Amino acid sequence: MDGTNVRVRGAGVNQRGIRDHNERLLLSLLQRHRALSGADLARHSGLSRPTVSTILRELEEDGLVRKGDPIRGKVGKPSIPMELDPDGAFSCGLKIGRRSADLLLLDFGGRVRQQIYTTYDYPMPDAVFGFLREGIKTLLGDLPPGLHDRVSGIGIGTPFELWKWHDLVGVAADRFRSWRDTDFAQEVAKFSDLPVFVVNDATAACHAEHLYGRGKEFRDFAYFYVGSFVGGGVALNGTVFEGSQGNAGALGSMRTTGPLGESQQLIDTASIHLLEARLVEAGIDPQILWKKPQDWSGLSRYVGPWIGTTAQELARALLSVCSVIDFEAILIDGAFPPDVRNELVERVRRYLINQDTRGLIVPKVEAGRVGENARSIGAASSPIFSQFLLNTNSGLSTL
């Protein structure tokens, strides 16, 4: 679970095995545009019409694509677009958070079919894997038997170096530190033969925004996800870039300055755990932050100042990010209600006005769309993306 093996891959694939480049290209175009005719696919892909027709026929036979509703024009035959078949592939996604874990079943179209969650004081390994074991039984138990062989894997989104993020002592601390030596694939193999894909939780959230949120609007963007600990990801050339050790876009580790001039990281100044601490000091049960559906309306006295501080920190951080790569946009999302996200984004925009931006091209600052489920949806997308979609950055991590 350290930086050398955060990306675990299994050997299992479904249907006809690993999809070839052109198949992945067409599937990726359909995923991005939702529905396209054969002519549009040929135009976008640069492939010939006969080649596109042949590939689409094979993909339809494999149950990965289906015909959409006819589009009728004024003259000629109606155009019949193709779209991804939601039942073509499924995957399970587990998000391991500081205070809660979420498990969901995602279909090929990006829709969450079912979801369960649990809360805890700390994510101890036995509790997390027990939740995953029983949760998979629940999720797959409700899936029609004929679709079981279309489950492509289990994606797990987890904080990088999870074992360092706690304040436990004694036996509990020793149990928690066991995460360092945990082999996720081996643990899951005790109760499932599905391949396992492990990704940093903030990178997983970036994947979700790229595939199913506003990432479709931008070719290159940086992404901040504000959870118990703030993190992030980067999308380059139309694909999330994970890096050689799966830790690219570790924006939570960016340096910042504390109130006394001391060196700190962004996770120390722009994370929900700071709001949690304020609630504890005020005698308020912080579990209200993690309950679903989320409702922070009764916490405005504490949320308002937290938004102000977090917005200042994010404004400075995003300019630092853009000093390395001139991103077209910065997307901000998090484990909070939509109204909190929108207010945070608006405050970041305001703080940017007074920042020193000499030598920089100030990016658009936009709210993400996926929301609190981004990490679990992104984790679930990993098996599907790896087996069916095109990674335009493949090879960059190994150069």
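**View A. Helix 1 against helix 2.** The axes of helix 1 and helix 2 (residues 38-45) come within 10 Å and cross at roughly 110°. Helix 1 is therefore roughly perpendicular to helix 2. The crossing of helix 1 past helix 2 is right-handed. From helix 1, the contact takes in Leu25, Leu26, Leu29, Leu30 and His33. Helix 2 supplies Leu41, His44 and Ser45. By class, the residues of this contact between helix 1 and helix 2 are five nonpolar, three polar and no charged. The model shown here and in every other view is predicted.

**View B. Helix 1 against helix 3.** Helix 1 (residues 21-33) also meets helix 3 (residues 49-61): their axes come within 10 Å and cross at roughly 80°. These two helices are therefore roughly perpendicular to each other. On the helix 1 side the contact is made by Asn22, Glu23, Leu26 and Leu27. On the helix 3 side it is made by Val52, Ile55, Leu56, Glu58 and Leu59. The contact of helix 1 with helix 3 counts six nonpolar, one polar and two charged residues. Leu26 of helix 1 is listed in this contact, and Leu26 is also listed in the contact with helix 2.

View C. Three strands form an open sheet in the order 1-3-2, with antiparallel pairing. Strand 1 (35-36) and strand 2 (65-67) are the edge strands, and each pairs on one side only. Two bridges link strand 1 to strand 3 (residues 82-84) in the antiparallel sense. Leu36 faces Met82 of strand 3. Helix 3 lies across strand 2 and strand 3, and runs at about 105° to strand 2.

View D. The side chains of Glu83 and Arg66 form a salt bridge, with an N to O distance of 2.8 Å. Glu83 belongs to strand 3 and Arg66 to strand 2, so the pair ties together parts that are 17 residues apart in sequence. Side chains of opposite charge can pair when their charged atoms come close. The count of salt bridges in the model is 25.

View E. Strand 4 (residues 90-96) and strand 5 (residues 100-107) run antiparallel and are joined by seven bridges. Ile96 has Ala101 of strand 5 as its bridge partner.

**View G. Helix 9 against helix 10.** The axes of helix 9 (residues 300-322) and helix 10 (residues 338-353) come within 8 Å and cross at roughly 50°. Helix 9 is therefore oblique to helix 10. Helix 9 passes helix 10 in a right-handed crossing. Contact residues of helix 9 include Trp306, Ile307 and Leu318. Those of helix 10 include Leu344, Arg347 and Tyr351. By class, this contact has 13 nonpolar, four polar and two charged residues.

Note on methods:
Residues numbered from 1 in each chain as written. Predicted model: local features only at pLDDT ≥ 70, side-chain atom pairs only at ≥ 80, totals over all residues. Heavy atoms only, no water. Axes fitted to C-alpha atoms, helices over the stretch in contact; angles between N-to-C directions. Helix = DSSP H or I, 4+ residues; strand = E, 2+ residues; numbered from the N terminus. Parallel < 35°, antiparallel > 145°, perpendicular 65-115°, else oblique. Contact = heavy atoms within 4.5 Å. Nonpolar A, V, L, I, M, F, W, Y, C, P; charged D, E, K, R; others polar. Pairing = 2+ DSSP bridges. Left-handed = near helix turned anticlockwise from the far one by under 90°. Salt bridge = Lys/Arg side-chain N within 4 Å of Asp/Glu carboxyl O.
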